[in-house]
Amino acid sequence: MINKGSDDGIRVDNNVIAGKGLVGIVTEVGSSWATVRSIIDDSSSVSAMTVSTSDNCIVNGDLELIDEGKLRFEQLYDQENKVTVGERIVTSNISEKFVEGLFIGYVSEVQVDSNNLTKTGTIVTPVDFLHLKDVFVITVNKQDLVDGTAQVEGNSDSGSSDSTSGDSSQESSDNTDGSAADGQEGADEG
């Protein structure tokens, strides 16, 4: 939960980042609050791609892995075997809700799937989800960019993410419920 809402220009599907990486997406908004589904949530699924090869994959939340600071990726089609440990993973251009190019993390482990066509592995995220306090909300949605109605602005918000939960199963789902501890007020800067 963050302490900014519709009165501050926050809308459902706004992307949320912190420091150096993607935190999640706004799923519900009130006048002075918003709920963010984090990418570590078991119900989170983000279309992503590798920076060096632009190969697509899906990044899924995994609450068991986050204690190690990791996320899981799957369905990476790396035909030329160029993706290795240390590869940068960002949000994909094919994502319906996430703006392209937001940093998710670095590949920390890669395995070839049993089908010998795709790969699965883990990603180290730069975001410390256990001690998250301040976040930045991108108030331009992906659909705004597609429609050509985007305006450059943003809101810096605070929130705590000692615990998060969500009821959505896909990044393309509608509003969901989530919960987290209340946060401190942050500075508005765009």
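The legends below describe several close-up views of a predicted model.

Local features are described where pLDDT is at least 70 and side-chain atom pairs count only at pLDDT 80 or more, while totals for chains, interfaces and linings use all residues. Residues are numbered from 1 along each chain as its sequence is written, and side-chain values use heavy atoms, with hydrogens and water left out.

View 1. Helices (H or I, at least four residues) and strands (E, at least two) are DSSP runs, numbered from the N terminus. Read from the N terminus on, the elements follow the order β-β-β-β-β-β-β-β-β-β-α-β. Of the 190 residues in the protein chain, 51% are buried, where buried means under 20% relative accessible area, exposed over 50%, and partly exposed in between (1.4 Å probe, protein chains only). The protein chain exposes about 9200 Å², and carbon and sulfur atoms supply 45% of this area; accessible areas come from the Shrake-Rupley method with a 1.4 Å probe, and for residues only the protein chains shown count as cover. Among contacts with a separation of 6 or more, 57% are between residues 24 or more positions apart, a contact being heavy atoms within 4.5 Å.

**View 2. A closed barrel of six strands runs in the order 4-5-6-9-8-7, with antiparallel pairing.** From one strand to the next, the twist averages 40°; for such angles, axes are lines fitted to C-alpha atoms, for helices over the stretch in contact, and angles run from 0 to 180 degrees between N-to-C directions. Two strands are said to pair if DSSP finds at least two bridges between them. Strand 4 pairs with strand 5 (residues 56-60) in the antiparallel sense over five bridges, and within this pairing Ala-48 stands opposite Cys-57 of strand 5. The hairpin of strand 4 and strand 5 has five residues between the strands, and there Ser-54 takes a positive phi near 60°. Strand 4 also runs antiparallel to strand 7 (residues 88-91), to which three bridges join it, and the bridge partner of Met-49 in strand 7 is Val-90.

**View 3. Strand 4 (residues 45-50) is largely enclosed by the rest of the structure, because six of its six residues are buried.** Ser-45, Ser-47 and Met-49 point one way from the strand, whereas Val-46, Ala-48 and Thr-50 point the other way, and all of these residues are buried. Thr-50, which lies in strand 4, has a relative accessibility of 0% and therefore counts as buried. When its neighbours within four places in sequence are left aside, Thr-50 is in contact with Asp-55, Leu-76, Val-83, Glu-87, Arg-88 and Ile-89.

**View 4. One aromatic pair is found in a search of the whole structure.** The pair consists of Phe-103 and Tyr-106, with 5.0 Å from centre to centre and 70° between the planes, so that it is edge-to-face. Rings of Phe, Tyr and Trp (its six-membered ring) pair if their centres lie within 6.5 Å, and planes under 30 degrees apart count as stacked, over 60 as edge-to-face and the rest as tilted. Phe-103 is buried, with a relative accessible area of 12%, whereas Tyr-106, at 38% relative accessibility, counts as partly exposed.

**View 5. Lys-97 and Asp-13 form a salt bridge in which the closest N and O atoms are 3.0 Å apart.** A salt bridge is a side-chain nitrogen of Lys or Arg within 4 Å of a carboxyl oxygen of Asp or Glu, and by this rule the count comes to six salt bridges. The pair of Lys-97 and Asp-13 links distant parts of the chain, 84 residues apart, with Lys-97 in the loop between strand 7 and strand 8 (103-112) and Asp-13 in the segment before strand 1 (15-18). Lys-97 is buried, with a relative accessible area of 12%.

**View 6. The side chains of Asp-78 and Lys-119 meet in a salt bridge of 2.9 Å, N to O.** This pair, too, links distant parts of the chain, with Asp-78 in the loop between strand 6 (70-76) and strand 7, and Lys-119 in strand 9 (residues 119-124), 41 residues apart. Asp-78 counts as buried at 4% relative accessibility, and Lys-119 counts as buried at 8%.
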